[in-house]
Amino acid sequence: MLYDGTSAWEEYRTHLDVVATVNGWGEVRKAQELACALRGSALTVLTSLPPDSSAQSVIEALDNRFGQRNLAERWHTTLEQRRQQIGEPLAHLATDVERLTRFAFPDWPEPCKEEISVRVFLKALRDEDSRRILSGLAPKNLNEALAKAQQIESSEIRAADTGLPRKRFCSQLYGKVGSLCSGESLLVKGKLNGIECQFLVDTGATVSIVRPDVADSFNLHTTNPICFKLRSVQGTLLDTNGSASASVELGGEKWPHSFLLAQVMDQAILGMDFLSKIGAKLDLAAKTMEAGKTTISLQPCQAQDEKVLGIKKEEEWIKSALESSDLAQGSTEWGTLSSLLTKFADIFATKGKPLGRTHVVTHAIDTGDAQPIKQAPRRVPYAQEDHVDQLMREMVEQDVIEPSKSPWASPVVLIPKKDGSTRFCIDFRKVNRITKKDSYTLPCIQELLDTLGGSQWFCTIDLKSGYWQIALKEEDREKTAFSLYRKGLWQFKVMPFGLTNAPATFQRLMEAVIPPELALTYLDDVIVYGPDFETVLTKLEQVFGCFQRANLQINPKKCSFFKKQTAYLGHVISSDGVRTDSSKTQAVEDWPVPKNKKNVRAFLGFCSYYRRFVKGFSELAKPLTSLTEGTAVFSWDQSCEESFKKLKTAMVSAPILAFPDFNQPFILDCDASGHAVGSVLSQRQEGHEVVIAYFSRTLSKQERNYCATRRELLAVVLGVTHFHQYLYGRRFTLRTDHASLMWLTTFRRPEGQLARWLETLQSYDFEIIHRAGLKHANADGLSRRPCGPVCNYCSRRDMDECRKVNVQTLPREGKDDSQLSDPALNRLIHWKTQGTKPEAADLVAVDDRLRKLWNRWDSLVLHGNQLFHKWEGLRACLQWVVPTAKVKEVLQQCHDNPIGGHFGFFKTLAKVRQSYFWPSMTADVRAWCRTCQKCLAFKGPGRKTTAPLYQLAVGNPLDRMGLDILGPFPKTSRGNKFVMVAVDYFTKWPEAVALPNQEARTVAIALVENVLSRIGTPLELHTDQGRNFESELVKEVSQLMGIRKTRSTALHPQSNGLVERLNRTLSKYLAQFVNHCQNDWDEKIPLFLMAYRSACNATTGLSPAQLMYGRDLRLPEVLVRPPSQPMRPNSEYVLQLRQHLEEVREFALKESKLKLRTQKENYDRQARLPNFQEGDWVWVYNPQRKRGLCPKLQPSWTGPWT
């Protein structure tokens, strides 16, 4: 039998061993026969080995190349995704599952492989009823599972006829971890990969395990197999993190073995797979283990069951619950609570346990005679498909959903969580709209709070995914159906989130399960209370028993036990009684002291909404009202402080703030400003609207960037969730001054953050009402409440406001001192005061500034003790004479300040002359403007330098070729957006290729296939510094073709001017011939090339075709063609063509040199070389684009440099 590497190598190897044994072949004959049977890629492996290789060497080489051991990860994935196809026989499925299991787990013992094969076979069955029946029958091996599946298929047995209980464990339990004994475990010392290690010998474990941190520290080779779990003898599930191969050394002998990675207490566990592999014999009495001829000593170790099982997480929640209580650590009460929690550990939902399913109540969806609602599924992004598959797989394993044939269909909404994961939600808004509302009455919170009086200890309990522990009526399951593209139609078997009557059903369940004398229940809030520890402990044990009988599971992370004080239903419960939660009034009590008129107006607007409840409101608020007057100066005094405090006290006192009446509907007012959101929960009591609670929160830096509509929606979401205890399960009114939120319940296709917010709101029953902003002052005032003194945002905003009006001015109080402290001005003021003008002879040894001012004696006047200069221009004015020490400050004010504007010399000089004067003022202003760093960084020099033209002469075709990308253009019907343009510098021969993009790979392919393969390779390829041309791919292509790659100077496209000129010509041509849709420009490029190649070039005097091919192109516009030339021999034609090309190109070279000389002369007339010397300070033109910044607002020059 031949082997070419395409079939399974393990099967062929087994067949070869059988044939060799039957025929009595030795190693040499076996190697010869194997070598003769190899073909194709398998023969290639043989040729790479030495000629004298043994059969074992050949087999090992083929093992490494075609063996399934190296493809284990691929087979893991294939095995996990294996499903029964339509019409596929069960026998074929079983055979394939067995084959894939053998490939995926080559090193595993046969019992483990058999167990895996059975579970994968059951999971792969298409018929759910058959899968459920077989799970209940628990077949021991794959053959038994196949036989029973065929029996069920032939007799059409269904689950309803068998009466077997449904097995609700995870379908991916591929192993188990047991215990050697109840109180003692056996350890053995050895080496793992040559490093000292202590192993736990566990005959109850089917697989061997090593901790992940041990695998990392011991440098074990790890892989990531399919995700499966281990089950302990207590039923706890343990996740695995992969597998690792290592060598185990015990008593001087080594064995290779494969371990699973899992979080266990011990470093490593030796399970039955390893013990069976080495033929271990345990002597528990002598505490020894025999492996072959070696006897190994075992060390007994006292441990609790959890440690023997290797599970650490079982105790973590108990320890956390004890530490969070107010009991004294180590006390008798501490131990009693620990024993109680341990006793009822099965009702606490730890990781890996299946959810409970209660039989007490079932949820119904009463839609009356309404027609089924079918909505189109929404597409799932490709990047999230794997995650959606994982979420659906988990729901199937938890028995939450099932395949459906329902006429109903609601869309799926994928909502991102803050931790990066995705929440799987269903949009039931249309179903809720036609559902008859359940009028089951929720408890009165005030009555519940009154019941807690006199209690000393409190315990709060929360269920784990409480909705999913309530079954859905069989006939109503179809109404929860949801669909996904390529994933079919599914429906819920339990009560999903988002249904309108879910709160009423949940409250009905809690009141049916827990008697009122044991605990108080308000939806998912359960509190156990009592006057002493024994009473509460007894009640708590009975409550746990109620949950156990109802098959409900508790979430340990959200429970608290034996607290002296706890929060419950928006109130603080303690031994001292019940008091209102301070968060209800904190938004008003912590209102910061206003800092400006705007803050005062916001506070008064909020208070004025409730002014009818405050006696003498106008008189009380008068000090604050006077601050808001237009001409008043903001001055916060003691009267304002007292008025502010009294108004805050009035806002959080009766009759404005009242207790809630749960027989009346609630009203929630929400509003948002640019930096905060605010909400007011109120009710109408005795004909008046009274406040129940306030809420306000400052927006984060990211939230301030939201649009107005998104901020208003955020205010609604935060307000509803903050007052959840009051609003959940009740119908309330939501008032907003933002009209766009009226579409809240009808918004189509929500995504991302919006979908997450709408998913939060769809659990509440409310009506949205819009009212004008003038009537919405209560919530509006809270949203405009200033932040506290530590708010960095408000501090920066105040600084920005100050910068807007911070104009530097010369203080008048400082002018006296500054002029008198200047020696020249001091003497001049003294002369002016005396009224005597000194003679010119007296000014020989004085300052030059003083002499220039003396020349303007008649224009200088004194006002008080200040010296001014009379300006006799178009508008006469007095200019203050600036002392030398103040000149720089004046120039900064008139040029550098925002009102100066960094304008040029003339505008700056005019601005200075409006108020100031000093000698040499014009020269100082000119020098200041020329040396301003910001002006130079943005404006650069007034006249840019230009170097003389440098030309590169070419004498033959393809000596030098220019290349560039033109675009982007409108996308054509062929999908093109760019044009690659190439031109030969000597012949001016053009090439243009339309491209869909300008990626390096696309450009390189187009260059080779459309340019180089057509006209040949140039000696030099000249491009700009684009990323596509500077890529390694283009460089490698150039090196492979023997092309010298050059590039133009940055920001100087003139160095590749021939291509740039061709780009302009091509753009004008396409603009003239493109259709009105501009989607066929790429179809015009071939005709443009034909026209350009046949046109005479101004530089060469000939067409590109004549210089490239020695003849003109034959064009269709010739009406009368000349007679054809007589036939000539090929050799004669070649000689004449060669002679003609030499003449043509010599002529073109001569004409080109003449034209180039003329171009250089014309260009150099305007050239202006910079006169730089070593050590000079220079500015460099270097415009850069920075992400997030506008290029127009960035400086283009950097420096100065030396």
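The model is predicted. On that basis the protein has 43 helices and 43 strands. Of its 1202 residues, 45% count as buried. Among contacts with a separation of 6 or more, 69% are between residues 24 or more positions apart.

**Backbone geometry in loops**

- N219 sits in the loop between α11 (212-217) and β5 (221-223).
- Although N219 is not a glycine, its phi is positive, at about 60 degrees.
- N219 counts as exposed because its relative accessibility is 64%, and the cut-off for exposed is over 50%.
- K287 also has a positive phi without being a glycine, in this case about 55 degrees.
- The loop that holds K287 runs between β10 (280-283) and β11 (288-291).
- With a relative accessible area of 24%, K287 is partly exposed.
- The peptide bond from G967 to P968 is cis, and its omega is near 5 degrees.
- P968 belongs to the loop between β37 (961-966) and β38 (978-984).
- As background to these cases, most residues other than glycine have a negative phi, and most peptide bonds are trans.

- S117 is part of helix α7, which spans residues 110-124.
- The relative accessible area of S117 is 4%, so this serine is buried; the limit for buried is under 20%.
- The side chains of S117 and T101 are joined by a polar contact of 3.3 Å.
- Not counting residues up to four places away in sequence, S117 touches V97, E98, T101 and L142.
- T908 lies in helix α35 (residues 905-913).
- T908 is buried as well, with a relative accessible area of 1%.
- From T908, the side chain reaches the backbone oxygen of F903 at 3.2 Å.
- Leaving aside neighbours within four places in sequence, the contacts of T908 are C894, H895, F903, V925 and C929.

- In helix α33 (residues 848-855), the buried residues are R849, L850, L853 and W854.
- These four residues lie on the same side of α33, because they cover an arc of only 140 degrees around the axis.
- The elements covering the buried residues of α33 include α32 (823-834), β33 (860-863), β35 (877-881) and β36 (916-917).
- S920 is in the loop between β36 and α36 (921-930).
- S920 is partly exposed, with a relative accessible area of 38%.
- S920 and K852 are 68 residues apart along the chain, and their C-alpha atoms are separated by 9.0 Å.

- The structure holds four cavities of 30 Å³ or more.
- The largest cavity has a volume of about 70 Å³.
- Eleven residues line the largest cavity, and V413, D427, A755, E759 and Q762 are the ones nearest its centre.
- Two or more lining residues come from each of β16 (412-416), β17 (422-426) and α28 (752-761).
- The most is given by α28, with three residues in the lining of the largest cavity.
- By class, this lining has seven nonpolar, one polar and three charged residues.

Technical notes. Residues are numbered from 1 along each chain as its sequence is written. This is a predicted model: local features need pLDDT of at least 70, side-chain atom pairs count only at pLDDT 80 or more; totals for chains, interfaces and linings use all residues. Side-chain values use heavy atoms; hydrogens and water are left out. On a 1 Å grid over the protein atoms alone, a cavity is a set of points where a 1.4 Å probe fits but cannot get out, and a pocket is an open set with protein on both sides within 12 Å along at least five of seven lines; lining residues have an atom within 4 Å of a point. Grid points are joined across faces, edges and corners, and a volume is the space filled by probe spheres set on the points. Ala, Val, Leu, Ile, Met, Phe, Trp, Tyr, Cys and Pro count as nonpolar, Asp, Glu, Lys and Arg as charged, and the others, Gly among them, as polar. Buried means under 20% relative accessible area, exposed over 50%, partly exposed in between (1.4 Å probe, protein chains only). A polar contact is a pair of N or O atoms within 3.5 Å; within protein, one must be able to donate a hydrogen and the other to accept it, and residues adjacent in sequence count only if both atoms are side-chain atoms. Contact means heavy atoms within 4.5 Å. The arc is that of the directions from the helix axis to the C-beta atoms.
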